[in-house]
Amino acid sequence: MTRKTVSSWAKRNFLHWFIENYPFDSEGSKQLLLLLADNEEYLSRIHLVMDGSYLRPLLVISTTGTGMPPFILKTFNSTVTDPEMIIARLQLLKESPLYLTLYFPDRLSCESFHTVIEESPVTLESTLGQQILIDFELSLWTEAFKREMEMNALMVQINEALDSRNKRKFLRLARKYNKL
């Protein structure tokens, strides 16, 4: 069976279209997608997949309204949620393919997305594959919940800094909040 090959040109065009047509909860998501779209070396290694639950390294990027974390990189031995660290890891993983899964509200019916989706290089028995996917998506939701809790805690600290008119603390916390 032949696997579908998607050109770098098609991936670049799709990623730019995606950035223009979907809102993101974090600027980091856009930055990561632009980095991938505008770098030929990354484009040649990227494989957009519908289900990357058992593929590594896997970059997951989500839009507003999905309940998923805005971005997360899963490797065989770590989970990275800081955009600068993700970029550093991507540079270290130069020799390996990079799987990209996008979560957005109409991903199941979006024709543009389905034209650039590639088949997974590994096929699992359907029940096992579904269980792995469920476990994977639950782990993503857990990460999103942790992020939401961290954002709420930071907002409380930001409000306290404002109340006490501590400009330095406010600016430091605001930068940290915006990075999330």
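The legends below describe close-up views of a predicted model.

**View 1. The largest pocket and its volume.** The largest pocket holds about 250 Å³ of space. It is lined by 13 residues, and those closest to the pocket centre are T81, D82, R147, E150 and L180.

**View 2. Make-up of the lining of the largest pocket.** Two helices, α6 (126–163) and α7 (167–179), each supply at least two residues of this lining. The largest share comes from α6, with 4 residues. Sorted by class, the lining has 7 charged, 5 nonpolar and 1 polar residues.

**View 3. The aromatic cluster.** Ring pairs join F14, W17, F18, Y22, F24, F104 and F113 into a cluster. Across the structure, the number of aromatic pairs is 9.

**View 4. R107 and the ring of Y103.** R107 is placed over the face of Y103. The distance from R107 to the ring centre of Y103 is 4.4 Å.

**View 5. S29 in helix α2.** S29 belongs to helix α2, which covers residues 27–37. Is S29 buried or exposed? S29 counts as buried because its relative accessible area is 0%, and the cut-off for a buried residue is under 20%. The S29 side chain reaches the backbone oxygen of P70 at a distance of 3.0 Å.

Technical notes: Residues numbered from 1 in each chain as written. Predicted model: local features only at pLDDT ≥ 70, side-chain atom pairs only at ≥ 80, totals over all residues. Heavy atoms only, no water. 1 Å grid on protein atoms, 1.4 Å probe; cavity = no way out; pocket = protein on both sides within 12 Å on 5 of 7 lines; lining within 4 Å. Points joined across faces, edges and corners; volume = space filled by probe spheres on them. Nonpolar A, V, L, I, M, F, W, Y, C, P; charged D, E, K, R; others polar. Phe/Tyr/Trp six-rings, centres within 6.5 Å; stacked < 30°, edge-to-face > 60°. Lys NZ or Arg CZ within 6 Å of the ring centre and 35° of its normal. Buried < 20%, exposed > 50% of the residue type's maximum accessible area, 1.4 Å probe, protein only. Polar contact = N/O pair within 3.5 Å; in protein donor to acceptor, adjacent residues only side chain to side chain.
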